[in-house]
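The exercises below are meant to be worked through with the sequence and the coordinates side by side.

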Amino acid sequence: MRGLSWTPLIKASMERDKRLWRIVLLTPPLLVFSVLIVGPLLSSFYYSFTNWNGFSSSYQFVGLSNFQKIWTDRLFFQATVNTIIWMVSALLLPTLLGLVLALLLDSKVRGGKFFKTIFYLPICLSAIVVGQIWIWIYQPNWGLLNTLIEEITGERFRYAWLAKPDSALFSVIVAWSWQQTGLSMVIYLAGLTAIPSEILESSASEGATTWQRIWYIIIPLLIPSTVVVIALSVINSLKGFDILYIMTGGGPFNSSDTLAMHMYNESFKKYLIGYGSSISVVLFVIALIIIGIYFRQLRKFDQIYGQ
Amino acid sequence: MKYINRRKLLGTLFALPFIGLTTSALAQSEVTISHYFTGELGLKAFGEQMEKFEAATSYKMKNSPVGHEDFKTDILVRASGSSLPDVFSYWAGARVQFIADSDSLKPIDQMWNEAGLDQIVAKTVADSATMYNGKRFLVPFNYHYSGMFYNTKVMADAGITKMPTDWNGFLALCKELQSKGITPIALGSKNRWPAQFWFDYLLLRSAGPDYRAQLMAGKASYDDPQVKQAMGMWKALVDAGYFVENANANTWTDASDQVARGDAAMTLMGTWITGYWNGLGLVPGADYDFFPFPSIMAGVPSASVGPVDGLVIGANTTNPKGAEEFLKFMVSDTGVQAAWSKAQGALSANVNVDASNYNSVMLKAFETVKNSDAFAFNYDLATPPPVAEVGLSMFARFMDDPSGVDEIMKQTAQDAAGAFNE
């Protein structure tokens, strides 16, 4: 058998069956994707044109009336505003805080590893656990926050952060940012290691201040990391339903409803599956637009940086 | 190469129908159930009652309990996927009406009549809780009564020996407690529903059960003078500082703890609070007691408010016989009913359960319901779910800022009218 190589034969056979292999290997994930994502997505589109209540086996097609109702639904309007606030805050706060922490911890600080671990820890916790921790922090009578304020001011302070319409959403955003900051920090730390130390050293010898080095050298060179951070923040904020659900449930009286929460309430509390589906369709379109804009910007970025 | 043994293959093919029959027989002997009795005491006690059923019959129960609040969503998800269990617990009233209207329940008239449940089920809850669209769908498992539960020591220390029976007496009590530095009323409306009992009783005692029934059915409006009057009385209590601070930040157990600790004197809550307090080691009668919500207008019938927990059968059950047997057993067996009502701090739906089974507080609750002119489901069980959502949010909004009551009621009237048309 010496001299006879099987490799070309296998290669030829593989080449011949390449198409078949593709189909075989792609079928299981595509099936799972179809059943868990495409199927429910299509049925949401379908039910958005009906008045199904979830229990009944029969329902009527109501055309576009669910979508018409959206325009007169003041809670939908409020949820849209909250969603915008949620997304912008969930994008900006963890990104900026993560950058600041990364810059602080990148320099040789005492206990740097310890702080990195501490700041990264929240991302390892589930949103439910994070939510519960912050419910305790915000507890009006014995929570950490009010107790701290009382200690500082010396006056009785019993503000119910999660039960007041003016502060509920922002209180959840703080909790969310606390969790997500660790992720941004780690990505920025990885980005900082890729910046050649010679550039920073030579800029320092040329007389650049710390602030100038950060603004004119480090931040521009961290753009690839920023792209990843923004992508993850947008995706995570669109998925950010669980922490709101556990902390406020959209309350008090719908003041912290986002579109996802409003869709949930209409569908599962009011039993208006048809209307809830129409909200989910609108949410889907919004997500599609955001992702479209993001990919367009990403393409531009690739052209500039040639990556 | 391994060859398939033809003898084995034939044997397997021959056995297949029997395997199918066995599986089918197993399915026939298994009854699937989902319920919301998931509190520490409730879960254990319900499991014990199911074991009694299994011991008394040839059926096996396949149990899937879901937390009280999550159950409302879970059961809808299961219904929408046509995968309702054979039996599930549900709250009698508008919620059962909603799914009965959707043809998702199996009628139980035949079983009801054959088992003579008319002679067993308490009259207080029999027809209102079990009949929907002229058919019976629900077997009541227990019912609760909502009253003003108080800390006896706090009241005694404040020198209060006689509990009020009318509105002026109640206002005087609150004033007296407040003057002694005690917050009169605890409320934990974080999950909104605990606030509903205030609306229920204020409206029932001032406008009467008939008007309230009209409002619940969409035949009256939330900006009617009757509703405004009830809300006005509620506002007066909040404005006077009789309620605890930040009610919307607390759950009903937080409010119960406030009363148990003596941070507040009383709370308007259902009899399930007795199960909770007993679990904390409080002694009925000695540590806590209750008085019925005071009368407001002379001549208005006295109504008791509370929920009825029931068991229903999914329309597509694969084991209707087993499901019916389970429902029949759970309400008929006095041992089950006595143990269950004791563990849950509930009133038994079975008239044959000896009243001596109740502690002094529950006995008083039992007598109060018996002597009432009417029994009304609490708000979120009395009006359709989409409307209940509107009302429950209204209560929370009101507790946050009672000064905006006029605007709140105007908005609620508009939203409720829309929800009735869904």
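Chain B has 18 helices and 14 strands, where helices (H or I, at least four residues) and strands (E, at least two) are DSSP runs numbered from the N terminus. This is a predicted model, in which local features need pLDDT of at least 70 and side-chain atom pairs count only at pLDDT 80 or more, whereas totals for chains, interfaces and linings use all residues. Residues are numbered from 1 along each chain as its sequence is written, while chains are lettered from A and ligands numbered from 1 in the order in which they are written.

**Exercise 1.** Compare the radius of gyration of chain B with that of a compact globule.

Solution. Start from the globule rule, 2.2 Å times the number of residues to the power 0.38, with the radius taken over C-alpha atoms. Next, take the principal axes, along which the C-alpha trace of chain B spans about 90 × 50 × 50 Å. Finally, 50% of the 422 residues of chain B count as buried, a residue being buried if 20 or more other C-beta atoms, placed from the backbone, lie within 10 Å of its own, exposed if 12 or fewer, and partly exposed in between.

**Exercise 2.** Which strands stand at the edges of the open sheet of six strands in chain B?

Solution. Write down the order of the sheet, β2-β1-β3-β12-β6-β13, whose pairing is mixed. β2 (60–65) and β13 (347–348) each have a single partner strand, so one side of each is left without a neighbour in the sheet. For β13(B), two bridges join it in the antiparallel sense to β6(B), residues 138–143, with B:Asn142 opposite B:Ser348.

**Exercise 3.** Locate the buried residues of helix α6 of chain A and state what covers them.

Solution. The buried residues of α6(A) are A:Ala127, A:Val130, A:Gly131, A:Trp134 and A:Tyr138. They cover an arc of only 100 degrees around the axis, which puts them on the same side of α6(A); the arc is that of the directions from the helix axis to the C-beta atoms. What covers them includes α5 (112–124), α7 (144–153), α8 (168–193) and α12 (242–247) of chain A.

**Exercise 4.** Examine the backbone at A:Pro252, A:Phe253 and B:Arg192.

Solution. As background, most residues other than glycine have a negative phi, and most peptide bonds are trans. A cis peptide bond, with omega about 0 degrees, joins A:Gly251 and A:Pro252, and A:Pro252 lies in the loop between α12 and α13 (259–269) of chain A. A:Phe253, in the loop between α12 and α13 of chain A, has a positive phi of about 35 degrees and counts as buried because it has 22 C-beta neighbours inside 10 Å. B:Arg192, in the loop between β8 (183–186) and α9 (196–216) of chain B, has a positive phi near 70 degrees, and with 23 C-beta neighbours inside 10 Å it counts as buried.

Conventions:
Contact = placed C-beta atoms within 7 Å. Pairing = 2+ DSSP bridges.
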